[in-house]
Structures are given as C-alpha cells and as structure tokens.
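This briefing goes through one structure by topic. It begins with a single residue and ends with the chain as a whole.

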Amino acid sequence: MRGIFSVLVENKDGVLSQISGLFARRGFNIDSLAVGETERHDISSMTIVSTGDNRTIDQIEKQLNKKVDVIKVRRLDETKCIEMEMMLIKVSYNATNRSSLIEICSVMGAKILHVSNKHLLIEIHDSPEVVENFINLVRPFGIVEVQRTGTVAMSKN
C-alpha cells in the first residue's frame, strides 16, 4: 500500500533531517520526498510517499503528527489527488534512431531541451506512472543520466 502525505512544516534549519531521521529510526522507507517553500517564507510543504501495510502507513501519520515543527499532516487518497513529477533525462541517439526518439518525445509530451552530437536532454513532467513509462520507452536508446524531482501531490478537493 502507498501512503501519500502532504506535510506543512516550519521552514527552519534541521526540520528535513528530523523528518528523515524519524523514518530511519522507525525503519520506514521513503519512496519519494519533495520539499519547497509555500506562499509563506516561514512554512514549507513536504510531499512524502512511502509504502507499507496499513499499520505502517498509520504509524507514519501518527509519528509525523508528533513532531514539534510539523504544522499539519494530511494523508492523500491516490484516487482523489493529482500527482506530478518532473524528470530530466539524457538519452543517447544515433542517425538511425534519432527520429524514433523524437517521435516518442512528441507522443509522450516530453520537451527536448538540448541537442548534442550524441545525446538529447529531455524534460518530462507528468504522473509518476507516465514518467516511469517514458523511462522504459527510451531505455533501449541508452540512458546516460536521470534526475527526478520526486512526487508532488495535491488533493482535488
């Protein structure tokens, strides 16, 4: 089971390490973590994705709520939220497969940011599933490097 947590925290030194330390001490895995300031400079928003059984996901929520610098914890329902992720990926190409790679980018809504003699630097932002699918589609070309942001999510309500 996946747990998606939207956590508002005070934007202070050490808060991220406290949260990640909580996960490490309890043996919880962080599948994805994205952090950024909100419209207020003194508050940051974290989107944390973790997996485990119902008990583990409930425990994560309870432990997050105990942290002093945590303002609010919301557990998001996968069916009632929008999840997005951004990825930069550098992919190899040659003269014979270049057009196929460009076509995949076009169909998937990816943007080519830079072209060199041997590589395309591509950006895609979509749901984590679409990003994974894109990786699988371009893998045969030869992936040189990947940078992913992690999931950000927001309730539709």
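Serine 6 is buried, with a relative accessible area of 8%, which puts the residue under the 20% limit for burial. The model is predicted. Serine 6 belongs to strand β1, which covers residues 2-10.

**Surroundings of serine 6**
- Apart from neighbours within four places in sequence, serine 6 is in contact with Ser45, Met46, Lys72, Val73, Arg74 and Leu76.

**Aromatic pair**
- The structure holds 1 aromatic pair.
- The ring centres of phenylalanine 23 and phenylalanine 28 are 6.1 Å apart and the planes stand at 80 degrees, so the pair is edge-to-face.
- The angle needed for that label is over 60 degrees.
- Phenylalanine 23 and phenylalanine 28 are both buried.

**Helix α3**
- Helix α3 spans residues 98-108, and Leu101, Ile104, Cys105 and Met108 are buried in it.
- Viewed down the axis of α3, the buried residues fall within an arc of 100 degrees, so they line one face of the helix.
- An α-helix has 3.6 residues a turn, so residues three or four places apart point the same way.
- Ser99, Glu103, Ser106 and Val107 are exposed, on the face of α3 turned away from the buried side.
- The packing partners of the buried α3 residues are β5 (81-92), β6 (111-115), β7 (119-126) and α4 (128-138).

**Nonpolar surface patch**
- A nonpolar patch on the surface is formed by Ile82, Met84 and Val152, which together have about 230 Å² of accessible area.
- Isoleucine 82 sits in strand β5.
- The relative accessibility of isoleucine 82 is 46%, so this residue counts as partly exposed.

**Chain as a whole**
- The protein chain contains 4 helices and 9 strands.
- Read from the N terminus, the order of elements is β-α-β-β-α-β-β-α-β-β-α-β-β.
- The C-alpha trace spans about 55 × 35 × 35 Å along its principal axes.
- Of the 157 residues in the protein chain, 36% are buried.
- Of the contacts between residues at least 6 apart in sequence, 73% join residues at least 24 apart.
- The protein chain exposes about 9100 Å², and carbon and sulfur atoms supply 50% of that area.

How values were computed
Residues are numbered from 1 along each chain as its sequence is written. This is a predicted model: local features need pLDDT of at least 70, side-chain atom pairs count only at pLDDT 80 or more; totals for chains, interfaces and linings use all residues. Side-chain values use heavy atoms; hydrogens and water are left out. Rings of Phe, Tyr and Trp (its six-membered ring) pair if their centres lie within 6.5 Å; planes under 30 degrees apart count as stacked, over 60 as edge-to-face and the rest as tilted. Buried means under 20% relative accessible area, exposed over 50%, partly exposed in between (1.4 Å probe, protein chains only). Helices (H or I, at least four residues) and strands (E, at least two) are DSSP runs, numbered from the N terminus. Contact means heavy atoms within 4.5 Å. The arc is that of the directions from the helix axis to the C-beta atoms. Patches are made of residues with over 30% relative accessible area and no salt bridge: like charges are joined within 9 Å, nonpolar side chains (Val, Leu, Ile, Met, Phe, Trp, Tyr) within 5 Å. Accessible areas come from the Shrake-Rupley method with a 1.4 Å probe; for residues, only the protein chains shown count as cover. A salt bridge is a side-chain nitrogen of Lys or Arg within 4 Å of a carboxyl oxygen of Asp or Glu.
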